[in-house]
Amino acid sequence: MVVFIFDQTTKNNQTTHNNMKTKKFMLSEQQMPTKWYNIVADMPNKPLPALDPATKQPVTFESLSRVFGEELVKQELSEERFIEIPDEVQDLYKIWRPTPLVRAYGLERMLDTPAKIYFKNESTSPAGSHKPNTAIPQAYYNAKQGIKYLATETGGGQWGSAMALACQYFNIDLRVYMVKVSCEQKPYRKLLMNAWGANVIPSPSTTTRFGRDVLAKDPDCAGNLGIAISEAVEVALEHGEHTRYCLGSVMNHVLLHQTIIGEEALLQMEMAGDEPDVVIGCFGGGSNFAGIGFPFLRRNLTEGKRTRIVAVEPTSCPKLTRGEFQYDFGDTAGMTPMMPMYTLGHSFQPSNIHAGGLRYHGAGSIVSQLYKDRLIEAQSVPQLETFAAGMMFANSEGIIPAPESCHAIAVAIREAKRAKEEGCPRTILFNLSGNGMIDLYAFEQYFANKLTDYDLPESEIRRSIDELERII
């Protein structure tokens with residue numbers, strides 16, 4: 001289905017037909033994809049295996065199953081190209097999926113660019129972001145296994161909110177360790193999780209051994225995703241056979257579930273009669289970036305297409321653009337398997353930027369291998385540029401974006417400006433990973449000129465990277 005808007009003018013490349021322009025491209029429920037895409041099947045170089053931290057040998061199904069649901073571990077280790085989405089998950093997806101693909105005419109006009117700009121609007125879910133795409137299947141598979149309790153972490157609160165929602169659907173008790181600085185900056189995210197029945201604990205906390213150790217060394221520690229992961233994993237490992245851990249990014253099965261985004265976008269770009277030259281997603285651990293990018297990258301790998309796929313990270317947490325490819329832990333305590341990743345070191349403490357979901361030290365192993373093989377690109381953007389881009393998007397398209405999503409918008413704007421400078425039209429697609437309606441405090445700080453850019457010194461990066469055990 002297409003939705004039309006009327007306009008009496010034609011500007012730059014914005015063609016009209018009988019004064020009519022297509023704004024939204026909507027799939028019906030019957031057109032929603034029924035399979036997730038596993039890019040590992042098509043990668044020329046498969047990711048190196050995750051390692052058991054004690055033995056330094058590849059992790060096994062049995063060892064991972066002590067932490068994650070069994071069906072999720074099967075997906076984590078799978079090289080099957082497509083994996084069926086269970087009917088129960090599809091039914092819940094249809095509460096908000098398929099999501100719209102939108103032509104950003106307002107932003108194009110504001111930039112006076114010959115570029116065409118599209119965005120996939122993942123902010124329409126009940127939790128306001130793309131995160132339920134994996135939260136729902138993770139809760140479903142755990143419930144099917146008989147799991148009664150889940151522990152997880154959250155940075156900016158989008159993942160915790162999505163998991164709280166999903167656990168309500170499947171009657172699972174949830175404990176969320178929320179990065180302390182984000183808990184203070186985003187109190188309504190915490191309240192949203194509480195409303196859906198989750199127990200939210202600021203991290204680092206006194207409820208775990210590792211949290212107490214962190215606070216003993218630094219009572220004012222603002223927290224980070226690595227610390228919160230350590231606390232959640234500790235809870236999952238120590239609370240019996242009916243408790244498991246789940247997370248919202250980085251791991252292969254998480255990225256797999258998010259590809260519903262790009263699979264829909266492929267169909268919608270066909271409806272638009274257009275082809276993206278560049279596909280852009282903000283980048284923390286890789287979930288929404290993989291979701292929008294991997295299905296388009298499949299065509300590069302299997303059909304010879306040459307679409308650019310760009311990951312956008314904060315300049316204050318630049319694991320792809322300034323990190324090192326090494327085996328590292330996914331958490332600060334060193335409790336998780338060691339993964340091959342571009343990393344700043346698991347002891348790295350990011351600055352307190354408002355894009356809490358991007359304050360993570362490492363990139364997932366699939367994304368890291370693709371970047372190592374130069375099959376994807378990466379850019380970093382300073383905080384003030386991202387908020388300026390977010391406000392430009394809000395003023396032209398009417399949607400307040402999440403601080404994380406502002407990173408993708410900023411690079412889309414860079415691409416559109418470059419198209420104007422070069423006098424060369426191009427088609428840009430980015431993922432609007434979430435709305436910022438519960439992040440308005442961040443914009444208040446921006447309006448009051450209280451936000452700054454953080455110039456990360458190389459010595460700070462080297463300090464944490466040099467602590468890593470060299471395995472590669």
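## Basis

The coordinates come from a predicted model, and the descriptions that follow should be read with that in mind.

## Strand E12 and its neighbours

Strand E12, which spans residues 308-314, is mostly covered, with six of its seven residues buried. Strand E11 (residues 278-282) runs parallel to E12 and is joined to it by five bridges; within this pairing, Gly-281 has Ala-311 in E12 as its bridge partner. Between these two strands comes helix H13 (residues 287-303), and E11, H13 and E12 make a right-handed β-α-β unit.

E12 also pairs with strand E15 (residues 377-381), again in the parallel sense and over five bridges, and here the bridge partner of Val-310 is Glu-377 in E15.

## The open four-stranded sheet

Four strands form an open sheet in the order E9-E8-E7-E10, with parallel pairing. Its edge strands are E9 (199-203) and E10 (243-245), each of which pairs on one side only, and the twist from one strand to the next averages 20 degrees.

Strand E7 (residues 149-154) runs parallel to E10 and is joined to it by three bridges, with Tyr-149 standing opposite Thr-243 in E10.

## A helix across the sheet

Helix H6, made up of residues 158-170, lies across E7 and strand E8 (173-179), and the direction of H6 is at about 160 degrees to that of E7.

Conventions:
Residues are numbered from 1 along each chain as its sequence is written. This is a predicted model: local features need pLDDT of at least 70, side-chain atom pairs count only at pLDDT 80 or more; totals for chains, interfaces and linings use all residues. Side-chain values use heavy atoms; hydrogens and water are left out. Buried means under 20% relative accessible area, exposed over 50%, partly exposed in between (1.4 Å probe, protein chains only). Two strands pair if DSSP finds at least two bridges between them. A crossover is right-handed if, with the strands pointing away from the viewer, the path from the first strand over the helix to the second runs clockwise. Axes are lines fitted to C-alpha atoms, for helices over the stretch in contact, and angles run from 0 to 180 degrees between N-to-C directions. Contact means heavy atoms within 4.5 Å.
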